Amino acid sequence: MTSADTARLLERLRAREDGMDGDVREVYRHLGRAGVLAPSWPEEHGGRGGDFTETMVLLEELVRHGVPQSLYYISVQIVGSLIMQSGSEEQKRELLPRLASGELAACILFTEPEHGSDLASVTARAEPDQGGGWVLDGRKTYNLKTGYADLALCVVRTDDELNRYEGLTLFLVPLDAPGVTVRPMAALAGEQFHDVTLDQVRVGPEALLGAPGAGWSLITRMFAAERSGLDYYARARHWLDLTAERLTDAGREPDSTELADLARHRARLDAGRLLTCRAMQQLQEDRPDIARASMSKWHCSETAQAISWWSLEVIGVPLLDPGRDEGVLEAAYREAPGMTISGGASEVLLDIVTGARLLEDVETGGN
Ligand SMILES: Cc1cc2nc3c(=O)[nH]c(=O)nc-3n(C[C@H](O)[C@H](O)[C@H](O)COP(=O)(O)OP(=O)(O)OC[C@H]3O[C@@H](n4cnc5c(N)ncnc54)[C@H](O)[C@@H]3O)c2cc1C
């Protein structure tokens, strides 16, 4: 595929009349063939053996060139990284190179109609079957990218006797397994939500990720990756750049209020980049810190939300001028309410940050 083909693919994605995110998998496969989709993974797993800064540059560039990033972020950065850290040798061998090449895509089935922030209360279940496999039942909701994914990382309860944290288990469920029903849900933002029913879904022993009952510790590890803040920071930077271009269009001079706002948002973004780097470096050094990652996700998502709202305030209409980039900003505006909910609601993240800080104070006697 040439760069002209890539440009044509991206143009088709942007031109969807329903305003929803299109199928970006062909672009990912192209990037995967070029070996750039998982730059910080070891070469044996399909990566380039780089460090977290290469992932950061990749995300910044994907966003800048209009490539939808969330399927990549979920598949490679969240699910793939968890498999690399906690999967069996067979899962790593079978799944990681295919995720890194864009051939395989994954989504996350955690939230249930009654349980979002309080994940330890999930009620979907799995029972062992006679042949060493498992049978899954339950309902998941508000899941992104399920329509384009092959595999779902799913949390279910496998033991009611233990406390609610110890009875949770993770599975990698093939979405084409009999008994899986995926239904689209209405959404304000341009990304499609899905509601997923698992009805007597049979999976083999190879679908188990980690040990039965080890789900909560793996989820905590996964949250440290999901909450690095990287995707919010990278997109917010692009939105701010687009807005700054508009404010200086054709030699226009921004007024003093606009300049002050631009500087304030730029400073918050710079801080977000540093917080993101720290969270990603801690993951790379295998010392994930859920409180510091939560701080980064809180800061970056609140900043992204504030920038998307401010951008439309200062640019105003026309929002959907097809010849320009306002479509990106209009989509960001619609997405904004969900930014401080997905991957951990802001109130819950602040609770984690303050809880960890209080614990530090207790341990150090407040010094
Ligand atoms: C854009 C987007 C993408 C998503 N993608 C996925 C996905 O791919 N897979 C998936 O499984 N789920 C996904 N979700 C669901 C998301 O994880 C949940 O919406 C989120 O965890 C919050 O859960 P809830 O909606 O049930 O709200 P609740 O947990 O009911 O929270 C409602 C409100 O109460 C507040 N609250 C809750 N607990 C506390 C507390 N202890 N202290 C203070 N305040 C509290 C929350 O902050 C929030 O404001 C997505 C959501 C969004 C918006």
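**Close-up 1. A polar contact joins the side chains of Q77 and Y72.** The distance for this contact is 3.5 Å. As you explore this view, keep in mind that the whole model is predicted. Q77 belongs to helix α4. Is Q77 buried or exposed? With a relative accessibility of 12%, Q77 counts as buried, because the cut-off for that word is under 20%. Its contact partner, Y72, will turn up again in the next view, as one of the residues around a cavity.

**Close-up 2. The largest cavity has a volume of about 60 Å³.** Rolling a probe the size of a water molecule over the atoms shows where empty space is left. Which residues line the largest cavity? They are R25, Y28, L37, L71, Y72, S75, V76, L99, G102, L104 and A105. By type, this lining splits into eight nonpolar residues, two polar ones and one charged one. Two helices, α2 (25–33) and α4 (70–86), each provide at least two of the lining residues. The largest share belongs to α4, with four residues.

**Close-up 3. The second largest cavity lies between domain 1 and domain 3.** Here the volume is about 40 Å³. Around this second largest cavity you can find E60, V63, R64, A234, R237, H238 and D241. Two or more of these lining residues come from each of α3 (52–64) and α7 (230–247). Which element gives the most to this lining? That is α7, with four residues. Sorted by type, the lining of the second largest cavity has two nonpolar residues, one polar residue and four charged residues. Why is this cavity placed between two domains? Domain 1 (3–105) and domain 3 (227–358) both contribute residues to its lining, so the cavity lies between them.

**Close-up 4. Strand β1 is covered on both of its faces.** This strand runs over residues 106–109. On one side of β1 are A106 and I108, on the other are C107 and L109, and all of them are buried. How does β1 pair with strand β4 (residues 151–157), in the parallel or the antiparallel sense? The two strands pair in the parallel sense, over four bridges. To find a spot along this pairing, look for L109, which stands opposite C154 in β4.

**Close-up 5. Strand β7 pairs with β3 and with β6.** Strand β3 (residues 134–144) pairs with β7 in the antiparallel sense, over eight bridges. Which residue of β7 is the bridge partner of N143? The answer is H194. Strand β6 (residues 180–185) also pairs with β7 in the antiparallel sense, in this case over six bridges. A handy landmark there is V180, whose bridge partner in β7 is L198.

**Close-up 6. P205 sits in the loop between β7 and β8.** The loop links β7 (193–203) to β8 (208–209). Because its relative accessible area is 47%, P205 counts as partly exposed. How far is the C-alpha atom of P205 from that of Q305? The two atoms are separated by 42 Å, and their residues are 100 residues apart along the chain.

How values were computed. Residues are numbered from 1 along each chain as its sequence is written. This is a predicted model: local features need pLDDT of at least 70, side-chain atom pairs count only at pLDDT 80 or more; totals for chains, interfaces and linings use all residues. Side-chain values use heavy atoms; hydrogens and water are left out. On a 1 Å grid over the protein atoms alone, a cavity is a set of points where a 1.4 Å probe fits but cannot get out, and a pocket is an open set with protein on both sides within 12 Å along at least five of seven lines; lining residues have an atom within 4 Å of a point. Grid points are joined across faces, edges and corners, and a volume is the space filled by probe spheres set on the points. Ala, Val, Leu, Ile, Met, Phe, Trp, Tyr, Cys and Pro count as nonpolar, Asp, Glu, Lys and Arg as charged, and the others, Gly among them, as polar. Domain bounds come from an automatic or database domain assignment. Buried means under 20% relative accessible area, exposed over 50%, partly exposed in between (1.4 Å probe, protein chains only). Two strands pair if DSSP finds at least two bridges between them. A polar contact is a pair of N or O atoms within 3.5 Å; within protein, one must be able to donate a hydrogen and the other to accept it, and residues adjacent in sequence count only if both atoms are side-chain atoms.
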